[in-house]
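Have the sequence and the 3D view open as you read.

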Amino acid sequence: MGKIPIRNNVRKLRFNHNEMTQQQLAEKVGVTRQTIVSIEKEKYSPSLELAFRIAFVFNSPLEEVFFVENKEEYV
């Protein structure tokens with residue numbers, strides 16, 4: 001079975017939060033800017049802890065930040 005493609009709204013949420021930069025988000029959650037870049041490009045799936053940290057920064061439910069399209073395919 002292949003990897004589940006995890007999508008995200010991180011870039012959109014950054015811009016909706018006073019045009020937060022990747023560096024600002026990285027500092028808030030304790031990672032490098034390159035990690036945020038990789039997450040936004042969907043080349044890297046964050047750990048559950050990091051995913052929650054990102055959601056907390058945006059004061060959003062985890063499902064609003066990270067999601068899977070066509071969930072039925074993976075059940």
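Arg53 counts as partly exposed because its relative accessibility is 40% (buried is under 20% relative accessible area, exposed is over 50%, and partly exposed is in between, with a 1.4 Å probe and protein chains only). Helices here are DSSP runs of H or I with at least four residues, strands are runs of E with at least two, and both are numbered from the N terminus.

A word on the source: this is a predicted model, in which local features need pLDDT of at least 70 and side-chain atom pairs count only at pLDDT 80 or more, while totals for chains, interfaces and linings use all residues. Residues are numbered from 1 along each chain as its sequence is written, and side-chain values use heavy atoms, leaving out hydrogens and water.

## Where α2 meets α4

Arg53 also takes part in a helix contact. Helix α2 (residues 22–29) and helix α4 (residues 48–57) pack at about 115 degrees, with axes 10 Å apart; axes are lines fitted to C-alpha atoms over the stretch in contact, and angles run from 0 to 180 degrees between N-to-C directions. Leu25, Lys28 and Val29 of α2 touch Leu50, Arg53, Ile54 and Val57 of α4 (contact means heavy atoms within 4.5 Å).

Pro46 sits in the loop between α3 (33–40) and α4. With 17% relative accessibility, Pro46 counts as buried. Setting aside residues up to four places away in sequence, Pro46 touches Ile39, Ala51 and Phe66. Val29 is 17 residues from Pro46 in sequence and 11 Å away in space, C-alpha to C-alpha.

## The other salt bridges

How many salt bridges does the structure hold? There are four. In one of them, the side chains of Arg14 and Glu40 meet at 2.5 Å, N to O. This pair joins distant parts of the chain, with Arg14 in helix α1 (residues 10–16) and Glu40 in helix α3, 26 residues apart. Both Arg14 and Glu40 are buried.

Arg7 and Glu69 also pair, at 3.9 Å, N to O. Arg7 belongs to strand β1 (residues 6–8) and Glu69 to the segment after β2 (66–68), 62 residues apart. Together with Glu42, they form a network of salt bridges.
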